[in-house]
Amino acid sequence: MPSELLKGFRVLDLTDEKGALCGKMFADLGAEVIKVEPPGGCSTRRIPPYLEDKADPDHCLYSIAYHAGKKSVTANLATDDGRALVGDLVAKSDFLVESHQLGYLDSIGLGYDTLAKRNPRLIYASITPFGDTGPGKDYNWADIITWAAGGMMYMMGDEGKPPIQMSLPQAGLHAGGEAAVAMMLAHYPRQIDGLGQRIVVNMQACIVWTLMNEQAMPFLHGNHLSRTGIFVGSADARRKMVYECKDGHISILIAGGTTFGNSTKALIEWMRENGFGSDWMRTKDWVSWIPGVFMKLTDQDRKEIDDLETTIEHFLLTMTKHEIYTQGLKRRIFLAPVADVADVASDEQLNARDFWTAVPHDTIGRTLTFPGPFAKLSATPIGSTTRAPRVGEHNDEIYRGLLGLTPDRLNKLRAAGSI
Amino acid sequence: MSRFALEGVHILDFAWVGVGPITTKYFADNGADVIRVESAARPDVLRIGPPWKDAMPGINRSQFFASYNTSKKGITLDLSKPKARDLAKRLVPWADIIVESFTPKAMRNWGLDYEKLRELRPDLIMLSTCMQGQTGPNALYPGFGQLMAALSGFYYISGYGPGSCAPPYGAYTDFIAPRFSAFALLAALDYRRRTGMGQYIDMSQYEAAMQNLAPALIDYHATGRVLEPRGNASARYAPHGAYRCADEDGNERWIAIAVANDEQWRVMLAAFSSDSTDPRFKTAAARVENAAAVDQFVNTLTRTHNAQDLTAKLQAAGVAAYPVENCVDIHHDDNLEAFGFWHWLEHKEMGAAPYEGLEHRMSRTPGTLRSAAPILGQDNDEVFRGMLSLSADEIEQLKKENVIF
């Protein structure tokens, strides 16, 4: 069962991969989310990879993951009847989220201004790559474009090689999450005065927001970082943040100060117990050692960091990811395995919290294991979700049940290619 | 009509570092009253994190802290002292929402956990957010978002191929979790309005981050296939990646390009006044198959072009393209400018600086950055005198005892 939190609210989901997560989040909290897609299914039904490499919509992993919990109706927006159906659905809905080319829905009579006349309560969110006013408002899009435009791509990769994207595109997920928050922000005043509004989500801004403190470096420190692979910091203050171990990589934060100094001390103690490292490492006052990551290191700092990093390199090569993580937890060292999905799937903490959720998929004759709820809610817990709907699976339920169409009318719409 | 969406909503914010403060920033920038409870005895790590005004550290000089704490008030209470906890408790009946982000035992040890606090306000909504959740064997895991990005799988899928690791900058998962926690809090607030019921939300940043990896996790559980890093290679697009443009001022410049189909490939070549009869580039499927060769070829086309001019040209032709922007570029980006993304705020100690604005815009009740982040203890008098009716002498005494500290 999804949560009861948003039970009774209806969301129309007209997004593609720029916003599918938004509807998933609403569905998790119990809203009725109706995915409105073209008769052949929307583009998100054909995003590789596919389960068992079976290239059909039922096996599309993106669709399986991000349409779970939703219903699906088809509507051909190129036809008057298809558009009229969506208009009728809007009249009975609380939220609409879409990510069409800017202006497209306006051009077919499904823009905010038109729909708000029918349903003044409507909250209508448009997810856009570059906002709705700038020179890029009509730009062609792919997820990697936002990753580049938002500044994260520039900082990922090795020197001498091209900047890279993560191997599971992320920009559309950030935008979907942002849309969900913005729609709920707009919901609050609507519950007071009954009026909805239009929201424009800017995907580029969503990725800029992930740059953490780096965006402010040029203005305040007069410098900025570029991609440095497994190192962090500017050229004269570089630290290694990822080390090899027996079966993969480990990330460690080496630093001093009140926050990190004790972790560094604990790591050194652990290494010394195993015969790695030198005495100076043990005697040094790490808690009061604060060479800034972005400031120039002294020659002495550099020498010590190099010595420490070399020691860590040798030490970690003697153990596996799991062995190192186990000790790190015990000794309270700021480290983590560079986990792949297999490590995550067997993680004891996630298992102890009953995180994984079984979701039966009669469409493909098997039960799939999903990541569980994004939060544990005491009064209205998020339980298991339901499988992604097939394209148009809920045409009868929604068009007949909600809009009151007769079977005859539904057949005519089908025959005309409107649904 | 309210000017801001969340006018009248009150939040008592014990959170620190990234996820908690970013969550409450959504509320503060939209008109909620957010009081951050801090302490000089245990300052927010971000207060001492770079960048700093004039590159000089100081408790009120960090833009890292300033960015995530706009529009909030700030008071200081050293919660290790019983008197400070009593004062904090006196603010609880005022609070619709309490947020905290310590390791799980901290609030319990102070007697400030949900069960205790709801005695003071039965319909309280409380969010605890930490690395791995309030329960389970690793609940006390100490860490930051950088480590969580490694632990949850994002580092692994950042690289040029199996064995390569080129992770994202910073605490990547700190920018996933707040969208989920703010969403959950807003929904809980509405649920309370309808039912009168508050609740407790246990948000594991690990579990929230998993949502952004769901397809790969479902795949692994079902088939054992592990998602490997693959640089910019894509099963849908070729070319797909960053391509070298002409250097500017001695710096490398790159352009991101993604081509999905034959029509886009054709117009891209036309935009370069180029052509190719190479059979490896003939169809979309062939280009995906021969992506490395495609990349090499496209690099020869882009190398002499200015990245911005080339973006305009390719986009006009119908090809998805954009310069690979660095942190200087984003401050001069025409599209962010048109959206009104950057805000200049005047901070009491740091003066004027550019802040990231909101990532969305609402037509009727738009949020905005209402004020710069508080300097440490900035609103002590207003809160302790104005809200708790302490006298000036009492406040002075509590300051002497390092309770208000």
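Some ground rules before you click on. This is a predicted model, where local features need pLDDT of at least 70 and side-chain atom pairs count only at pLDDT 80 or more, while totals for chains, interfaces and linings use all residues. Residues are numbered from 1 along each chain as its sequence is written, chains are lettered from A and ligands numbered from 1 in the order in which they are written, and side-chain values use heavy atoms, with hydrogens and water left out.

**Stop 1: the largest cavity.** The volume inside is about 90 Å³. A cavity here is a set of points, on a 1 Å grid over the protein atoms alone, where a 1.4 Å probe fits but cannot get out; lining residues have an atom within 4 Å of a point. Grid points are joined across faces, edges and corners, and the volume is the space filled by probe spheres set on the points. By this rule there are seven cavities of 30 Å³ or more.

**Stop 2: the second largest cavity.** Move to chain A and pick lining residues including Lys24(A), Asp28(A), Phe370(A) and Ile382(A). This cavity holds about 80 Å³, and its lining splits into four nonpolar, five polar and two charged residues.

**Stop 3: cis peptide bonds.** Most peptide bonds are trans. Zoom in on Pro48(A) and Pro49(A), though, and you'll find a cis bond with omega of about 5°. Pro49(A) sits in the loop between strand 2 (32-37) and helix 2 (61-66) of chain A; helices (H or I, at least four residues) and strands (E, at least two) are DSSP runs numbered from the N terminus. Over in chain B, the bond from Ala238(B) to Pro239(B) is also cis, with omega near 0°.

Stop 4: Select Met212(A): not a glycine, yet its phi is about 55°. At 6% relative accessibility, Met212(A) is buried (under 20% relative accessible area; exposed is over 50%, partly exposed in between, with a 1.4 Å probe and protein chains only). Finish at Arg332(A), another non-glycine with a positive phi of about 55°. Arg332(A) is partly exposed at 38%.

Note on methods:
1 Å grid on protein atoms, 1.4 Å probe; cavity = no way out; pocket = protein on both sides within 12 Å on 5 of 7 lines; lining within 4 Å. Nonpolar A, V, L, I, M, F, W, Y, C, P; charged D, E, K, R; others polar.
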